[in-house]
Amino acid sequence: MTEIELRVNGSLRTVATQPDRSLLAVLREDLRLTGTKYGCGEGECGSCTVLLDGEAVRSCQVSVSEVGSRSVTTVEGLAKDGRLNPVQQAFVELGSFQCGYCTPGMVVRATALLRSNPMPSREEIRRGLEGNLCRCCGYAGILRAIERAVELAQGARRDL
Ligand code: FES
Ligand code: FES
């Protein structure tokens, strides 16, 4: 066991863990941040997506010892001062989920996409999210939610 310090959702957390465990396992099992989902465990589905210094990564493919000083943001860390971010709000407003299992990963990846490209075309959204799978095949609703998030972010000039 090693003690590892992680900056998660703005707070410094210390975990005693085997260094080769995945960031996903540590987030869910040690830090109880269960919004980040375990889907395939093999880097194929995107349900475990989190931000590392703002970049969307698959947390099942990152060992906790690799994180270093980078900031981890999970779906729980996207809301600010109790307000959902525009992507979260759009998913809720439009009910763009069925079982919801893929939703946190979709929301996190879409947030990263809109931060780098605030006005994406439908095709750019499709391409930006193509590595995130929805087993319920709710892609049309997901696409609509992200387009709605663009409107919310632009209209209210809200941070993502
Ligand atoms: S659980 Fe990480 S990509 Fe599927
Ligand atoms: S809503 Fe069920 S996996 Fe996407």
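How many residues of domain 1 are in contact with how many residues of domain 2? In this predicted model, 16 residues of domain 1 touch 12 residues of domain 2. The two parts are set by the domain assignment of the protein, which places domain 1 at 2–77 and domain 2 at 86–155. Taken over C-alpha atoms, their centres are 21 Å apart.

On the side of domain 1 that touches domain 2, strand S3 (49–52) and strand S4 (55–58) each supply at least two residues. S3 provides the largest share of that side, 3 residues.

Is Ser47 buried or exposed? Its relative accessible area is 5%, and Ser47 is therefore classed as buried, the limit for that class being under 20%. A polar atom of the Ser47 side chain lies 3.2 Å from the backbone oxygen of Lys37. Leaving out residues up to four places away in sequence, Ser47 touches Thr36, Lys37, Tyr38 and Gly39, together with Tyr101 and Gly105.

The nonpolar interior comes next. In soluble globular proteins, nonpolar side chains tend to be buried together. Here the largest nonpolar core contains 27 residues, and those with the most contacts inside it are Val87, Phe91, Met106, Leu114, Leu129, Ile142 and Ile146. Helix H2 (86–94), helix H3 (103–116) and helix H5 (139–155) are the elements that give two or more residues to this core, and H5 gives the most, with 8 residues. The core draws at least three residues from each of domain 1 and domain 2.

Apart from its neighbours within four places in sequence, Leu114 is in contact with Val87, Pro120, Ile146, Ala149, Val150 and Leu160. Another core, of 16 residues, lies apart from the largest one; among its residues are Leu31, Leu33, Val62 and Val72.

Conventions. Residues numbered from 1 in each chain as written. Chains lettered and ligands numbered in written order. Predicted model: local features only at pLDDT ≥ 70, side-chain atom pairs only at ≥ 80, totals over all residues. Heavy atoms only, no water. Core = buried A, V, L, I, M, F, W, Y, C linked by side-chain atoms within 4.5 Å. Buried < 20%, exposed > 50% of the residue type's maximum accessible area, 1.4 Å probe, protein only. Helix = DSSP H or I, 4+ residues; strand = E, 2+ residues; numbered from the N terminus. Domains from an automatic or database assignment. Contact = heavy atoms within 4.5 Å. Polar contact = N/O pair within 3.5 Å; in protein donor to acceptor, adjacent residues only side chain to side chain.
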